[in-house]
Amino acid sequence: ALSLDWSPGALLAGRLDVASLEAPGIRARLEESETETAQAPAWRPQDLPLPVDIRLGRLELSDIQWRSGDNPPQSIERVSMAASLENRQLGLTTLDVRAPQGFIEASAEVGFDEQLPLRLNLRWQWRLPDRRLAGGTLAAEGDAARFELRHTGSGELPVNLLGSVRDVLDTPGWEFQLDWPELPLDMSEAPLLVGPGWLRSDGTLAAYRLGSEGRLRGVGPDPLFWSLQAQGDQSGLQLAPLALRTAPGELELRGTVGWGGPLTAALAYRAVGEQLTRYNPDLPPRLDAHGHLEGRYENDAVTLQRFDLALDQATLQLSLEGSVVLPATGDPEFEGKLVWRQLGWPLAAAAPAFASAEGRLQLAGTADDYRLDLAAELGGSQLPPGHWEAMATGDRGKLLLQQLTGQVLDGVVTLAGELGWDPAPRWDLRLNGSELDPGQWRPDLPGQLALALRSTGRVDADTGLQGQVQLEQLSGVIAGRDVRLVANALLAGEALD
């Protein structure tokens with residue numbers, strides 16, 4: 001029940017005098033308003049009407065619950081406060097909020113005049129949803145022209161803040177620094193660890209600067225270090241640059257990220273990879289890559305307008321463009337095109353074993369129904385030169401190769417069939433060749449051959465590899481000799497019969 005102890009006679013002297021007010025069992029429900037809120041005029045503290053002074057000896061609200069929409073109810077055990085408002089000066093003697101998650105204790109003084117003088121001291125502790133305990137002390141002092149802030153963190157998330165806010169009633173600006181020790185991002189057994197690190201910023205919403213440095217551990221065997229310098233406004237951020245560095249390499253990004261309309265990015269990058277031979281002996285010890293990335297997100301669609309890559313140590317050039325539509329229901333729909341020039345392996349080899357002077361790969365559809373188109377010039381020291389084209393369709397469990405056609409050795413090679421991986425790896429492929437002249441690749445073996453081969457099989461979880469290879473035809477002339485060959489082989493595990 002509501003309990004009020006006050007002095008009505010004090011109103012005759014222009015003062016509301018409440019010795020105590022107690023209200024237990026408060027219930028509230030918050031609903032989102034469908035009415036558009038009109039833009040309010042600029043607030044001036046000296047215009048705030050204060051018809052009477054107020055003295056509140058003790059306010060105590062207990063057993064408070066509120067619900068917002070369909071979210072679970074939230075609760076506060078107790079709110080206690082003692083305050084006064086006299087001669088346009090608000091004095092918050094004590095504020096004590098107690099909840100199952102923690103507490104907030106505060107005292108403050110505010111003057112409602114043109115300068116808006118402010119003094120605030122606050123201590124808090126709160127248990128987060130992941131059960132970590134955060135807390136700290138906050139002190140603020142100054143006026144509307146400038147007030148200083150200092151927060152000293154405690155608990156399991158000791159984040160510190162030192163800064164100031166200026167021109168609060170006109171064009172608010174700020175200057176602050178955050179710093180923190182190494183902190184886990186969650187409470188899992190092997191969490192990502194961020195820090196030690198710092199973040200600095202100064203400016204206004206119309207023009208501000210950002211800077212940050214720190215360390216992230218847990219994304220790989222070596223820690224990742226970041227460094228950021230940026231300028232921004234209400235429409236976006238200019239990276240100048242963002243640098244990421246780890247033991248085997250580094251990445252630097254420069255450019256613009258925009259959010260004034262659609263979310264956009266227009267970035268130039270440079271990446272360095274070192275000690276690469278420990279991952280693959282065919283890689284050079286170091287690779288330097290550079291290029292551009294441009295994209296946007298709008299109307300549930302991510303569009304990659306441009307991504308290109310070039311290497312300092314090789315002639316390779318790649319470009320990729322595409323889009324992904326993210327519907328509210330159903331699978332994402334994707335479309336992409338990859339184009340390359342001077343692709344070879346090993347990358348920096350003078351005479352690569354496999355090389356492609358140019359080519360393109362297009363992919364479109366959904367994970368349950370996609371199509372693939374390929375066209376490429378292929379060759380190298382281990383592969384005769386030729387032009388290849390392919391068309392295929394697929395889903396989550398298989399790829400149906402309608403036809404892979406190669407114009408090679410003055411003849412034609414075709415491959416068609418099915419490759420599957422769900423519920424188990426399997427294949428059913430047919431290879432045909434006609435008018436093939438090995439002498440185009442090996443001058444000492446001129447001739448003309450025809451080829452027909454089929455292979456089927458699967459990989460069983462219990463019995464391993466099970467398959468069959470049928471050489472239905474290998475016939476023709478090679479180096480002046482007639483060739484006729486038919487063969488059949490069975491595959492069982494590691495055995496070939």
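**Second largest pocket.** I sorted its lining by class and got four nonpolar, seven polar and six charged residues. This is a predicted model, so I keep that in mind for everything below. The volume of this second largest pocket comes out at about 220 Å³. I counted 17 lining residues, and nearest the centre I find Glu175, Phe176, Arg200, Ser201 and Asp202. Which strands each give at least two residues to this lining? I noted strand 9 (146-155), strand 10 (160-166), strand 11 (173-180), strand 13 (193-204), strand 14 (207-217) and strand 15 (224-233).

**Arg200 again.** I looked at what Arg200 does with rings. Arg200 sits over the face of Trp198, 4.0 Å from the ring centre.

**Largest pocket.** Next I went to the largest pocket, with a volume of about 310 Å³. Its lining has 13 residues, and those closest to the centre are Val408, Leu409, Val413, Leu436 and Leu451. By class I get 13 nonpolar residues there, with no polar and no charged ones. Strand 26 (398-408), strand 27 (411-420), strand 28 (426-436) and strand 29 (447-460) each put at least two residues into the lining of this largest pocket.

**Aromatic pairs.** How many aromatic pairs are there? I get two. For Trp174 and Tyr208, I read 6.0 Å between the ring centres and 40° between the planes, so I logged the pair as tilted. To be called stacked, the planes would have to be under 30 degrees apart, and edge-to-face takes over 60. I placed Trp174 in strand 11 and Tyr208 in strand 14, so this pair ties together parts 34 residues apart in sequence. Are these two buried or exposed? Trp174 has 18% relative accessibility, so I count Trp174 as buried, given that the cut-off is under 20%. Tyr208, at 13% relative accessibility, counts as buried too.

The other entry is Tyr269 with Phe307. I logged this aromatic pair as stacked, at 5.6 Å centre to centre and 5° between the planes. Tyr269 belongs to strand 18 (residues 263-274) and Phe307 to strand 20 (residues 301-311), so here the parts tied together are 38 residues apart in sequence. I also checked accessibility for both partners. Tyr269 is buried, with a relative accessible area of 11%. Phe307 has 25% relative accessibility, so I put Phe307 down as partly exposed.

**Ser164.** I looked up Ser164 and found this residue in strand 10, one of the strands on my list for the second largest pocket. Ser164 is buried, with a relative accessible area of 5%. What does the side chain of Ser164 contact? I found a polar contact with the side chain of Arg146, at 3.0 Å.

**Glu105.** I found Glu105 in strand 6 (residues 102-111). At 24% relative accessibility, Glu105 counts as partly exposed.

Methods. Residues are numbered from 1 along each chain as its sequence is written. This is a predicted model: local features need pLDDT of at least 70, side-chain atom pairs count only at pLDDT 80 or more; totals for chains, interfaces and linings use all residues. Side-chain values use heavy atoms; hydrogens and water are left out. On a 1 Å grid over the protein atoms alone, a cavity is a set of points where a 1.4 Å probe fits but cannot get out, and a pocket is an open set with protein on both sides within 12 Å along at least five of seven lines; lining residues have an atom within 4 Å of a point. Grid points are joined across faces, edges and corners, and a volume is the space filled by probe spheres set on the points. Helices (H or I, at least four residues) and strands (E, at least two) are DSSP runs, numbered from the N terminus. Ala, Val, Leu, Ile, Met, Phe, Trp, Tyr, Cys and Pro count as nonpolar, Asp, Glu, Lys and Arg as charged, and the others, Gly among them, as polar. Rings of Phe, Tyr and Trp (its six-membered ring) pair if their centres lie within 6.5 Å; planes under 30 degrees apart count as stacked, over 60 as edge-to-face and the rest as tilted. Buried means under 20% relative accessible area, exposed over 50%, partly exposed in between (1.4 Å probe, protein chains only). A charge sits over a ring if NZ of Lys or CZ of Arg is within 6 Å of the ring centre and within 35 degrees of the ring normal. A polar contact is a pair of N or O atoms within 3.5 Å; within protein, one must be able to donate a hydrogen and the other to accept it, and residues adjacent in sequence count only if both atoms are side-chain atoms.
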